[in-house]
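Take your time, and find each residue as you read.

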Amino acid sequence: MSGNIKLLSDTLAAAKAEGRSALIAYLPAGFPTVDGGIEAAKAVFDGGADVVEVGLPHSDPVLDGPVIQTADDIALRGGVKIADVMRTVREAHEATGKPVLVMTYWNPIDRYGIERFTAELAEAGGAGCILPDLPVQESATWREHADKHGLATVFVVAPSSKDARLAEITAAGSGFVYAASLMGVTGTRESVGEQAQDLVRRTQATTGLPVCVGLGVSNAEQAAEVARFADGVIVGSAFVKLLLSADGDLAAGLAGVRALAGELAAGVRTRS
């Protein structure tokens, strides 16, 4: 069975044709429970997300902040397995018909087996994988299997990436490019926008792929700001924080993430 890279590409292209950015939501699998995580993914789609990234919880999530680390810890203590990640992808996609990716560090895939992982992700209806710590120069085997199974390989670029490195990364990727800016801790909100906008501009100069920005966006105003220059706006911690603050009240958490998705979906259509 082939994965859904075409659905992902078509979804991003449709958003562009509408004159807006796509809204991409991130949620960890297994949080607050496996079933709760599946319902959360459906809820953000219901609210207006175009794409969902399902996080594969990891014991050492070095690129994630404290909110997602807390959620990952809850999921791991709950016994989440890769099979649960695949189930989350399958049920979220089947319920909505929308593209679902997995975001994961490399070690779990390496231990699980590349062919097994890509085959199961495609069979679950997955659209691809975001691999923040897999070096492009070491990715040939992964990309061979991902291509065979119709899965996107999304690489991450950062403001520190030189133009030649950006070209190398974007040439190897597919689906979209994840532009990660560590802006929230490096300067003011004004400089955040400037640095992220510069990264998007430099990345777009190397590729025809959509460039989507993960920036710590948490409200409609910020989503509109990023949507002025990015093809997609990626939001994770804001959703996870709502589920954490619900303190076990899943219905309240789902209502919160659904409402936030609606506000963000309106924001990416504003481009203020």
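Predicted model: local features only at pLDDT ≥ 70, side-chain atom pairs only at ≥ 80, totals over all residues.

Strand β1 (residues 22–28) and strand β2 run parallel and are joined by five bridges.

- Nine strands make up an open sheet with parallel pairing, in the order β5-β4-β3-β2-β1-β9-β8-β7-β6.
- At the edges stand β5 (152–154) and β6 (156–157); each has a single partner strand, so one side of each has no neighbour in the sheet.
- As background, strands of a sheet pair through backbone hydrogen bonds, and the pairing can be parallel or antiparallel.
- Strand β2 (residues 51–55) also pairs with β3 in the parallel sense, over four bridges.
- On the other side of that pairing, glycine 55 stands opposite methionine 103 in β3.
- Strand β3 is joined in turn to strand β4 (residues 128–130) by three bridges, and these two run parallel.
- Methionine 103 turns up here again, standing opposite isoleucine 130 in β4.
- Which way do the residues of strand β3 (residues 100–103) point? Val100 and Val102 point one way, Leu101 and Met103 point the other way, and all are buried.

**Two annotated positions**

- Where does UniProt place the feature "active site"? The record, an unreviewed entry, puts it at Glu53 and Asp64.
- Glutamate 53 lies in strand β2.
- With a relative accessibility of 0%, glutamate 53 counts as buried, because buried means under 20%.
- Aspartate 64 lies in the loop between β2 and α3 (66–77).
- Aspartate 64 is buried too, with a relative accessible area of 18%.
- Leaving aside neighbours within four places in sequence, aspartate 64 is in contact with Gln69, Asp72 and Tyr105.

**The nonpolar core**

- The largest nonpolar core has 91 residues, and the members that touch the most others are Val44, Phe117, Trp142, Phe176 and Phe239.
- Helix α12 (residues 250–268) supplies the largest share of this core, seven residues.
- Phenylalanine 176 has contacts beyond its neighbours within four places in sequence, among them Leu8, Leu12, Ile24, Glu53, Leu101, Ile130 and Ile234.

**Aromatic rings**

- A pair of aromatic rings is described by two things: the distance of the centres and the angle of the planes.
- How many aromatic pairs does the structure hold? There are three.
- Tryptophan 106 and tryptophan 142 form an edge-to-face pair, 6.0 Å centre to centre, with 90 degrees between the planes.
- This pair links distant parts of the chain: tryptophan 106 is in helix α5 (residues 106–112) and tryptophan 142 is in helix α7 (residues 140–148), 36 residues apart.
- Phenylalanine 117 is buried, with a relative accessible area of 0%.
- Ring pairs link Trp106, Tyr112, Phe117 and Trp142 into a cluster.
- The charged end of arginine 116 sits over the ring of tyrosine 112, 3.8 Å from its centre.

- Is threonine 141 buried or partly exposed? With a relative accessible area of 43%, threonine 141 is partly exposed.
- Threonine 141 and glutamate 115 are 26 residues apart along the chain, and their C-alpha atoms are separated by 9.4 Å.

Notes
Residues numbered from 1 in each chain as written. Heavy atoms only, no water. Core = buried A, V, L, I, M, F, W, Y, C linked by side-chain atoms within 4.5 Å. Buried < 20%, exposed > 50% of the residue type's maximum accessible area, 1.4 Å probe, protein only. Contact = heavy atoms within 4.5 Å. Phe/Tyr/Trp six-rings, centres within 6.5 Å; stacked < 30°, edge-to-face > 60°. Lys NZ or Arg CZ within 6 Å of the ring centre and 35° of its normal. Pairing = 2+ DSSP bridges. UniProt positions renumbered as here; feature names shortened; annotations may be inferred.
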